[in-house]
Each structure stands twice: as structure tokens, then as C-alpha cells.
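Please take a look at the protein shown here. A short report on its build follows.

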Amino acid sequence: MNIEDAQQILTMVDTVNKKASELPGIIKKLNEDDTITGIILQSPTPKGFDFKKCSNMIKAEKDIDGFTKNSIYNLYHNKKGLMPCTALGVLKLLLHYNIK
């Protein structure tokens, strides 16, 4: 990631924090952008933001946290896709330290 990428992320966070009504449009735009490989919707969201609605808008193939219905379904049925980042991190720690 370069400084321009970081500035773009901060700009999106700042914009979304100002208007809850803009979040669905931003998620849609990120879903359609092939240069975006993952989306995280920070929880808890500020008052007025519909976390459930907005998180379920995120495409499963870009859902870093694994919160969407499609991501949970894919994980449960062992389908190809992203593994939730927290679960993957824990799994890697267990494997690294040979904990069974």
C-alpha cells in the first residue's frame, strides 16, 4: 500500500462517518471496482448506520470479515472463498505454535 491508497481509505472513512445514507452507494461502488480486493465494515457502526443491511451488501468474494450470509454459507459448505480474517489469524497461530 502506498500513501495515495492510505489517503483514499481515510477519505472514504471520513465520508462515510458523515452520512449514513452514503454507505450503501459506497459499498456498491467498491463491490464493482475490480481493483478493490476486500471490504471491511467496521463494527459497531455509528448510530443511524444499518450494519446488517450494509454488511450483507458486500460481495462474498470481498467480505474480509465473513459477516455476509453468502460468506457464512460458503464457509459452512466448504466452498472456495475468503476465510474470515480473525479466524484465519487464530488458525495460523495455532498451527505455528503446534497447538492441537
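Start with one side chain. Leucine 23 is buried, because its relative accessible area is 6% and buried means under 20%. Leucine 23 sits in helix H2, which covers residues 23-32. Now follow the chain 28 residues along from leucine 23, to phenylalanine 51. The C-alpha atoms of leucine 23 and phenylalanine 51 are 9.9 Å apart. Keep in mind that this is a predicted model.

## The whole chain

Step back for the overview. The protein chain has five helices and zero strands. Read from the N terminus, its elements run α-α-α-α-α. The chain has 100 residues, and 24% of them are buried.

Contacts tell another part of the story.

## Inside: a cavity

How many cavities of 30 Å³ or more does a search of the whole structure find? The search finds one. The largest cavity has a volume of about 30 Å³. Its lining includes Ile39, Ile40, Leu41 and Ile58. Asp63, Asp65, Phe67 and Thr68 also line the cavity, as does Ser55.

Is serine 55 buried or exposed? Serine 55 counts as buried, because its relative accessibility is 4% and the cut-off for buried is under 20%. Leaving out residues up to four places away in sequence, serine 55 touches Leu41, Phe67 and Thr68. Leu41, Phe67 and Thr68 are also among the residues that line the largest cavity.

## Outside: a nonpolar patch

Move to the surface. A nonpolar patch there is formed by Leu75, Met83, Leu88, Leu91 and Leu95. Together these residues have about 430 Å² of accessible area. Which helix gives the most to the patch? Helix H5, residues 85-96, does so, with three residues.

Methionine 83 belongs to the patch, but its place is in the loop between helix H4 (69-76) and H5. Methionine 83 has a relative accessible area of 35%, so it is partly exposed.

## Backbone details

Some backbone features stand apart. Serine 43 and proline 44 are joined by a cis peptide bond, with omega at about 0 degrees. Proline 44 lies in the loop between H2 and H3.

Next come two asparagines. Asparagine 78 is not a glycine, yet its phi is positive, at about 55 degrees. Asparagine 78 is found in the loop between H4 and H5. Asparagine 98 also has a positive phi, near 55 degrees, and is a residue other than glycine. Its place is in the segment after H5.

Why do both asparagines count as exposed? Asparagine 78 has a relative accessible area of 70%, and asparagine 98 has 58%. Exposed means over 50%, so each value passes the cut-off.

## Accessibility in one view

The table gathers the residues discussed above.

| Residue | Relative accessible area | Class |
|---|---|---|
| Leucine 23 | 6% | buried |
| Serine 55 | 4% | buried |
| Methionine 83 | 35% | partly exposed |
| Asparagine 78 | 70% | exposed |
| Asparagine 98 | 58% | exposed |

Definitions and conventions
Residues are numbered from 1 along each chain as its sequence is written. This is a predicted model: local features need pLDDT of at least 70, side-chain atom pairs count only at pLDDT 80 or more; totals for chains, interfaces and linings use all residues. Side-chain values use heavy atoms; hydrogens and water are left out. Helices (H or I, at least four residues) and strands (E, at least two) are DSSP runs, numbered from the N terminus. Buried means under 20% relative accessible area, exposed over 50%, partly exposed in between (1.4 Å probe, protein chains only). Patches are made of residues with over 30% relative accessible area and no salt bridge: like charges are joined within 9 Å, nonpolar side chains (Val, Leu, Ile, Met, Phe, Trp, Tyr) within 5 Å. Accessible areas come from the Shrake-Rupley method with a 1.4 Å probe; for residues, only the protein chains shown count as cover. A salt bridge is a side-chain nitrogen of Lys or Arg within 4 Å of a carboxyl oxygen of Asp or Glu. On a 1 Å grid over the protein atoms alone, a cavity is a set of points where a 1.4 Å probe fits but cannot get out, and a pocket is an open set with protein on both sides within 12 Å along at least five of seven lines; lining residues have an atom within 4 Å of a point. Grid points are joined across faces, edges and corners, and a volume is the space filled by probe spheres set on the points. Contact means heavy atoms within 4.5 Å.
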